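Student: I would like to go through this model and ask what stands behind each label.
Tutor: Go ahead. The structure comes up now.

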Amino acid sequence: METTTKRIFFLFGLLTLLVAASCNSKQKISQNQISGDLIIFHAGSLSVPFKAMADSFALKYPEVTIKSESAGSLASIRKITDLNRNCDILASADYSLIDKLMIPEYASWNMKFAGNEMALVYRPQSRKSSEINKDNWYNLLLLPEITYGRSDPNSDPCGYRTILSLKLAEQYYHNPGLTKNFLEKDVRFIRPKEVDLLALLESGTLDYIFIYKSVAIQHHLSFLTLPDSINLKNPSLADFYHTVSTDVAGNKPGETIHQKGEAMVYGLTIPKNSKNLPAAKAFIRFIIHEGKNIMKKMGQPILDPPVVTHPEMLPDELKEPD
C-alpha cells in the first residue's frame, strides 16, 4: 500500500514538472516569435519613461528593434493621418486627441493609461525664485524682467493645457485679464513641444517654464506645485476644469478642435496601419504590467486598471491579466 502511494505521488510530481516545462517552452517560443522593427510615435513628455521601458523590454524581447520618435502629440498624430506614415504604437499626452483625430478612420480603440499635472519649473538661479509661491507666481512672471516659456498649443497638449491652466488661474485668483496678459508676453519663447524649453531654461534664457511635473522630476529640476484647481491633476474637480476651453488647429488647414479643460490623462493605441502587431501588443502589455514601477518613478503613475474607449475592439491579448 505504502509503495503504491509513493508511486502515485511520484507520477503526480512528474506530471506537474512536464506541464510546467511545456508552459515555459510555449512562453519562450511565443517571445521568440515577436521580432522586427517596432515603430512608436509618442509625446515628448514620454521620452524618458519610454526609453527606460524600451531598455527593459529589450531584455525580454531581444529580437525586437524599437524605433521611437518624440514630438508634440498633435504632430505625432499628423504623421499618421496627414503623412500616411506607418506606426505600431501612438502614445499621446492627451487621450482625447486619439478619440477626436484617429477613431474610427486610423484607429479602433483608445487606452487611457497614465496621469500627470501641470507645474511651474525653474532653476535656483531664476530671478525671484527665492520669493515665488502658489499665491504670487502669476504676478512675478508678468514682471518685465522675468522671462517665461510655453509650448505651441497647436502642436502640443502641454501648450493648450498651459492656456487652460491660466484661464483656471484667472478664476481661482479672481484676476480678470490674467490669461490675456500672459499670452501677450514672451511669445518669442513658444516652442513646438514642452521638452524643447528645457535647454532655454538650463541656459538661463528663461526663468520659468510651464511644463509637466513628470518632466521636472525626470530632469531633476525645481518646480512649484500649483493648486489642484489649476494643475489639471484632480478628476474630482472635473466640473471646475470644464468651465474653460480653447481652440487648437485640427487635422486639415482651417479646421479647429475645441479643447475643454479636464483632468490630465495619457492615451495610446495601435494604429490600423501597424506593420508589427505582435510586437505592438507585447510592448503595451509590458507598459501596463511590468512598466508600472517605471512610470511611477518617472512621475507619471499608471491608471490601474487602464480605461479603454471602444473596449470591444481591444485585442484579446491586452484584455488578459498579467
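Student: Which residues line the largest cavity?
Tutor: In this predicted model, the lining consists of Asp94, Tyr95, Tyr160, Arg161, Leu164, Leu232, Lys260, Gly261, Glu262, Ala263 and Val265. Helix H6, residues 157-172, gives the most to that lining, with three residues.

Student: What makes a residue part of the lining?
Tutor: A lining residue has an atom within 4 Å of a cavity point. Arg161 and Glu262 are among the residues listed for the largest cavity.

Student: How many residues of each class are in the lining of the largest cavity?
Tutor: Six are nonpolar, one is polar and four are charged. Gly counts as polar, so Gly261 falls in that class.

Student: How many cavities of 30 Å³ or more does the structure hold?
Tutor: One. About 50 Å³ of space lies in the largest cavity.

Student: Why is Asp186 called buried?
Tutor: Buried means under 20% relative accessible area. Asp186 has 12% relative accessibility, so the label is buried. Asp186 sits in the loop between helix H7 (178-183) and strand S7 (190-191). Its phi is near 55°, a positive value in a residue other than glycine.

Student: Where are the cis peptide bonds of Pro104 and Pro305?
Tutor: One runs from Ile103 to Pro104, with omega near 10°. Pro104 lies in the loop between helix H4 (95-101) and strand S4 (110-115). Another joins Asp304 and Pro305, with omega about 5°. Pro305 is found in strand S13, residues 302-309.

Student: Why are Cys87 and Cys158 classed as they are?
Tutor: Cys87 has 0% relative accessibility, so Cys87 counts as buried. Cys158 also stands at 0%, and therefore counts as buried.

Student: What makes a set of residues a nonpolar core?
Tutor: The members are buried residues of the nonpolar kinds, joined through side-chain atoms within 4.5 Å. The largest such core here has 91 residues. Phe113, Ile132, Trp137, Phe182, Phe210, Phe283 and Ile287 touch the most other members. Helix H12, residues 277-288, supplies the largest share of this core, eight residues. In soluble globular proteins, nonpolar side chains tend to be buried together.

Student: Which residues does Ile287 contact, leaving aside its neighbours within four places in sequence?
Tutor: Phe50, Met53, Phe113, Leu268, Lys292 and Ile302. Contact means heavy atoms within 4.5 Å, so each of these residues has an atom pair with Ile287 inside that limit.

Student: What can be said of the chain as a whole, in helices and strands?
Tutor: The chain has 14 helices and 13 strands. Of its 322 residues, 50% count as buried. Among contacts between residues at least 6 apart in sequence, 77% join residues at least 24 apart.

Notes
Residues are numbered from 1 along each chain as its sequence is written. This is a predicted model: local features need pLDDT of at least 70, side-chain atom pairs count only at pLDDT 80 or more; totals for chains, interfaces and linings use all residues. Side-chain values use heavy atoms; hydrogens and water are left out. Helices (H or I, at least four residues) and strands (E, at least two) are DSSP runs, numbered from the N terminus. Buried means under 20% relative accessible area, exposed over 50%, partly exposed in between (1.4 Å probe, protein chains only). On a 1 Å grid over the protein atoms alone, a cavity is a set of points where a 1.4 Å probe fits but cannot get out, and a pocket is an open set with protein on both sides within 12 Å along at least five of seven lines; lining residues have an atom within 4 Å of a point. Grid points are joined across faces, edges and corners, and a volume is the space filled by probe spheres set on the points.
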